[in-house]
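Dear colleague,

Please find below the sequence and structure that I am handing over to you. My notes on what was found follow directly after.

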Amino acid sequence: MNLQFFSSLIVILFLTTISSCLTTQSSLKTTNNYFLPILSEVWIPISECLTLPPINTFYLSTLYTYDSTKVNICNFTKSIDCNEFMCFNNQRFNFENETVRNFVVDTFNYCLYCKNSNTEIFRENYENGTCNNLKHFSYYQFNYITLKHCNNDLNKIRHIPLTDEVFFNSIYFTRKISNFNEENRSNFKNNNMTIEEVFHVYSSSFTNFTIDDEGPFDIPFECLCNYFTVNNTNDDYVSYQCSDFYSSYQIPFSYRYFIIIVMIFFTILFFVTLFVVSIPRCYERFKTFKQLPELKIASNRLPYKIYLFFNHFTNIVMHPTAHLLCCCVCEFLENFLRFLFNFEFALGFYKVYFAGIFRAIAVLFLVCGYSSLVITWSHVVDLSNRRMKGDTTSKLSKYNLSILVIFYILVVIVIIIAIAVFIALKEYSYALIVVCLAVLFYLLTFVLGFAFYGIKIFISLRTTQKKSGLGEYRFTKFILAETFIFFLTWLLTVFVAFTYILGNDVLGVFFSLTRNQFVDIALFIICVLSVYILYSKNLFIELYGEKTYQIAFGWIDKIYLPVKRKVREKINSLKKEKENETKNKEEMLENVSSINNIKVDISRVDSSPTVSTVDSKTNLNTLEEDKSDKSQTMIKL
């Protein structure tokens, strides 16, 4: 009985499952509720100012200019026979050619959406299943998946799915063809395909889904968002997905708003560096130049005076600030140009622009500035050692000069190699790979070496001065901060190098959109840190005066100095508590040792009869009292 019951139950469940699957499949094939909208006009923007073709993922990140020109795809040439072109055309197209791609895509969008007798015949044949080139999936499957790609709620159609030519020229499409060839033992090629072969490659994307699946799907369509919900066509926009995180927040923030923030910050940093560090340093150079003994000797020799002036003002102390100022200018230019590309008038330059060139130059300037800063610190230590020996010369030592010259030569070599790679391969990403690898090598050698050298300087300072804490010196604070920042920068450079080598989206769509922003933030932090270590309070006051200093930095002293004082007091109190605790432990150990000695003395007391009983008792009482006192002392401790 039980066996028959369970057998019947299994059969019922099996039949129910099969029935459900058949119902679902049937609904996909026979439901006629989902039709693409048929319109008299469809206006789409054409001025793309950001295009990141899919490489490892099918997400297409795109952005159009604020004032993009819009065209009506229904004004496409009426001489095209949609039924013949879309259903029976066996012509092979080179999808690597932009003109060909645009023609095929425009024809396809026109035949799908525009309202006229020509397009109506094509749609009727496709619906009836007589369109050979689109035989791999039904008309209703196609309508459902494309609408679902852009509209999660099909009861409220707001967005129009449109195919884009960028998909068919992407590495992702090439890989998709390659995978399809392996699975189906075919030989499709991106530069020699028919309409039928293109849709055959995407057939699995239109058939392998369920009704509950939600977009985005792996299909060559993006969305004309909000087309049916706005009164003004200027309020709609094109995106791979409508109202998702990337199209609504990340792309506009990264390429429209964040670049303005970066421009403002680097502009402020430029003027801070100029007036707080560079001009006071130039003033110091002028002042010391007038005091040069050689200047009196060369009073009547103008060429020699020019040589002295040039030599004095190209001293190593001038290098870091000059490089930092150039870094700020390049970062500003890179983000300023990116801002201009959001307007249609700059698109001509955008198409030929070497994207990221000024950011790469800014990185090289920052590397040069940091390296010259390291040489400056080494030179200061070298001068200190010379003065201890009675040597008053101030020239760079041969060791420091050799390191500086070799480093500058290596930077020039990296630039030459990057330019040669770009000219040879016609692809700027390979040139940026060269820069990334050079930066990785630099961070692993020069910066790490300086960190160890800075610790060595700290140890030498510790032996000659009373200060002993690692945070007591501005220099050692700088070493700790820069080592941590450069470690994070090294990791960031590794990730960025991966995106240039394996594709911008190899680490995800988010990082492909934000990698430049992370680089800008890292550059800004390092620049601020370098300005901090280059700033000299004495030079600033000497040039601008005490009142200017109080106006500019007095508020910082009011905030920073009390905090610094409290921290020092807290550290000192903790040190005293620790010293007192150590001292009490030592006293306790001494008392315990004394008690043990007393016990030994008591055990050795002589009980000879020659000693009077009274005296013996007195001595014992005395010893017991001493022992009791010691014990009380121990208890108190």
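Two residues are said to be in contact when heavy atoms lie within 4.5 Å. In that sense, Arg123, Tyr126 and Glu127 in helix H4 meet Tyr139, Tyr140 and Phe142 in helix H5. Please note that the model is a predicted one.

Overall features

The chain has 637 residues, of which 42% count as buried. Its secondary structure comprises 21 helices and seven strands. Among the contacts between residues at least 6 apart in sequence, 72% join residues at least 24 apart. The accessible surface comes to about 36,100 Å², and 62% of that surface belongs to carbon and sulfur atoms.

Two helix pairs

Two packed helices are described by the angle between their axes and the distance between the axes. For H4 (residues 117-128) and H5 (residues 139-150), the axes come within 7 Å and cross at roughly 105°. An angle of 65 to 115 degrees counts as roughly perpendicular, and H4 is therefore roughly perpendicular to H5. The residues of this contact between H4 and H5 divide into four nonpolar, no polar and two charged.

The second pair consists of helix H12 (residues 319-340) and helix H18 (residues 509-534), whose axes come within 11 Å and cross at roughly 155°. Angles over 145 degrees count as roughly antiparallel, so H12 is roughly antiparallel to H18. The crossing of H12 and H18 is left-handed. On the H12 side, the contact is made by Pro320, Thr321, Leu324, Cys327, Glu331 and Asn335. H18 contributes Asp520, Leu523, Cys527, Ser530, Val531 and Leu534. By class, the contact of H12 with H18 has seven nonpolar, three polar and two charged residues.

Which residues does Val262 contact, leaving aside its neighbours within four places in sequence? They are Glu331, Asn335 and Asp520. Glu331 and Asn335 also belong to the H12 side of the contact with H18, and Asp520 to the H18 side. Val262 itself lies in helix H9 (residues 245-290). Its relative accessible area is 6%, and Val262 is therefore buried, the cut-off being under 20%. The C-alpha atoms of Val262 and Phe332 are separated by 7.4 Å, although these residues are 70 apart along the chain.

Thr194 is placed in the loop between helix H6 (171-184) and helix H7 (195-201). With a relative accessible area of 8%, Thr194 is buried as well. Not counting residues up to four places away in sequence, Thr194 touches Asn90, Gln91 and Arg92.

Most residues other than glycine have a negative phi.

Asn226 has a positive phi of about 65° although it is not a glycine. Asn226 lies in the loop between strand E6 (221-225) and strand E7 (237-239). Is Asn226 buried or exposed? Asn226 is buried, because its relative accessible area of 14% is under the 20% cut-off.

Ser243, also a residue other than glycine, has a positive phi near 60°. Ser243 is found in the loop between E7 and H9. At 48% relative accessibility, Ser243 counts as partly exposed.

With kind regards

Terms used: Residues numbered from 1 in each chain as written. Predicted model: local features only at pLDDT ≥ 70, side-chain atom pairs only at ≥ 80, totals over all residues. Heavy atoms only, no water. Axes fitted to C-alpha atoms, helices over the stretch in contact; angles between N-to-C directions. Helix = DSSP H or I, 4+ residues; strand = E, 2+ residues; numbered from the N terminus. Parallel < 35°, antiparallel > 145°, perpendicular 65-115°, else oblique. Left-handed = near helix turned anticlockwise from the far one by under 90°. Nonpolar A, V, L, I, M, F, W, Y, C, P; charged D, E, K, R; others polar. Buried < 20%, exposed > 50% of the residue type's maximum accessible area, 1.4 Å probe, protein only. Areas by Shrake-Rupley, 256 points an atom, 1.4 Å probe, with all protein chains shown as cover.
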